Amino acid sequence: MNGSKEAVFEGNQDAETPVLALFNTSTVARYIRINPQTWYQNGTEGSICLRAEVLGCATPDPNNIYAWQTEPTGSKDKLDFRHHNYNEMRKLMKLVNEECPDITRIYSIGKSYKGLKLYVMEISDNPGKHEVGEPEFRYVAGMHGNEVLGRELLLNLMQHMCQEYKRGDQRVVHLVKETRIHLLPSMNPDGYEMAFKKGSELAGWALGRYSYEGIDMNHNFADLNSVMWTAIELETDRSKIINHYFPIPEPYTSEEAFVAPETRAVISWMQDVPFVLGANFHGGELVVTYPYDMTRDWAPREHTPTPDESFFRWLATAYASTNQAMSNPNRRPCHNNDFLKYNNIINGADWHNVPGSMNDFSYLHTNCFEVTVELSCDKFPHASELPMEWQNNRESLLVYMEQVHRGIKGVIRDKNTGVGIADAIIKVEDIDHHIRSVVDGDYWRLLNPGEYKVTVSAEGYLPSSRTCWVMYDHHPTICDFQLAQVPKQRLKDTQVKGGKPPKDLQLRQLRTRKLRFTTKVINQRRAAAKRTKKVR
């Protein structure tokens, strides 16, 4: 009651703006009945929808009938469980770095539109250095600024790994010594700050989702799927079709291209670091999706597998099956999709069409395999839920990182000099997707257990093949290659032509340089504009 009258609470008039209704006096209740009185005419042809979140505190039952009310919930780990804005996130990362200076390093990959740095925490036994044979791994969170749980989980993860490494936990010690881990907790800090100001209760379904310029970064990467499928349709000679390291389309590299500075920064990061495996975190659902995310004929949804479908399904299952919330057989669906019947994994394009996704770009432009993890039904869970969410995801975060050590790895060297050969092409028979060796000649090819014929080729060298067995062990099979140079006459012919790399690699390098140049020009213009505003 509101005095002598019934209390009436006014709801929202659109789907994106939550309204907070407060009881005029504190109320203790076991049940709350919501009784709608009238509806706004919202132009949806008479359809109506009600969603209400009840905010309150659990109180002990005086008769202690329900024992769960008095049991502690959450995590026993001593971590900083709260929502961190930009400054608080930066302080926490600095604190972790000071606690574990020997295994951590903080660096920035660029800036947001409003000038906030995109900070990354590196965790490795040799921070700042790529070690031959050691795979590079990344987690990215906050692509949509209002989907905040991934940000907090990565902040928790860096604290946890620091604490457990110092404690001597052998699982964490092994991960740190054998893997170079990169954690980007906030890809869209501008969007997050908008959502953070509203808070968990009033942040709407879309506020903060987009960049400050209004760009959805989940659709902002270069669409290489269309490039690939068009080439397949037009080319009659299958041997001439490339299936990896696709160059960025020319229009995407221009200054006028509608590409967020945050997206440009992440693309440069992908090209600088030879990532092998990654995942990006979202919110609003409970499921793990894997490439392709884009349908071939722009259908609203259609199963569109990559040549590595079986391994992507393994990756998605590795996270979903060890996640306590996803794997709970009694959980209710978040919305209108029941992903439990798919074991909480789905091909991204089979859920909905996402052109320009990070997962597809990563697979087609680099060596890195990546999946999307939808972490919770609520995009912005309350701070009190964070301990339980960490408990739900802790094992999954560690298990998924460990998958970077599946498959084969090795070093490709010149047979005469022993020097590593960069940009050698690694082909696995019956899988129509190749990868390339990196600057020191080392490579990693993610594969399920089995027997594989692997062929390596490089410009100026004779190709070499061998059989590699992948076992069920938690470490990769070593498959090194030594390549012999082509006969002298052919080598001379190559040198006469200038010894240039293959045309597809030349084009990829050219477009990469142009994208970085235009990004630099755009950043200089923005900096100049800000200085002009200050002078005025």
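User: Is Arg138 buried or exposed?
Analyst: Arg138 counts as buried, at 0% relative accessibility. Buried means under 20% relative accessible area, exposed over 50%, and partly exposed in between, with a 1.4 Å probe and protein chains only. This is a predicted model: local features need pLDDT of at least 70, side-chain atom pairs count only at pLDDT 80 or more, and totals for chains, interfaces and linings use all residues. Residues are numbered from 1 along each chain as its sequence is written, and side-chain values use heavy atoms, with hydrogens and water left out.

User: Where does Arg138 lie?
Analyst: In strand 3, residues 136–140. Helices (H or I, at least four residues) and strands (E, at least two) are DSSP runs, numbered from the N terminus.

User: Which side chain makes a polar contact with the side chain of Arg138?
Analyst: That of Ser362, at 3.0 Å. A polar contact is a pair of N or O atoms within 3.5 Å; within protein, one must be able to donate a hydrogen and the other to accept it, and residues adjacent in sequence count only if both atoms are side-chain atoms.

User: What else does Arg138 touch?
Analyst: Leaving out residues up to four places away in sequence, its contacts include His182, Trp269, Phe275 and Glu370. Contact means heavy atoms within 4.5 Å.

User: Switching to helix 3. Which of its residues are buried?
Analyst: Val172, Val173, Leu175 and Val176, in a helix that runs over 170–178. Down the helix axis they fall within an arc of 160°, so they line one face of helix 3. That arc is taken from the directions from the axis to the C-beta atoms.

User: What do the buried residues of helix 3 pack against?
Analyst: Strand 2 (117–123), helix 2 (149–167), strand 4 (180–184) and helix 10 (386–402).

User: And what happens at the start of helix 3?
Analyst: A side-chain oxygen of Asp169 comes to within 2.9 Å of the backbone nitrogen of Arg171.

User: How many residues of helix 10 are buried?
Analyst: 13 of its 17, leaving helix 10 mostly covered.

User: Where does helix 10 bend?
Analyst: At Asn393, by about 40°. The bend is the angle between axes fitted to the seven residues ending there and the seven starting there.

User: New topic. Which strand pairs with strand 12?
Analyst: Strand 9 (408–414), in the antiparallel sense over 4 bridges. Two strands pair if DSSP finds at least two bridges between them. Gly410 has Tyr443 of strand 12 as its bridge partner.

User: Last one: is Lys341 buried or exposed?
Analyst: Lys341 is exposed, with a relative accessible area of 60%.
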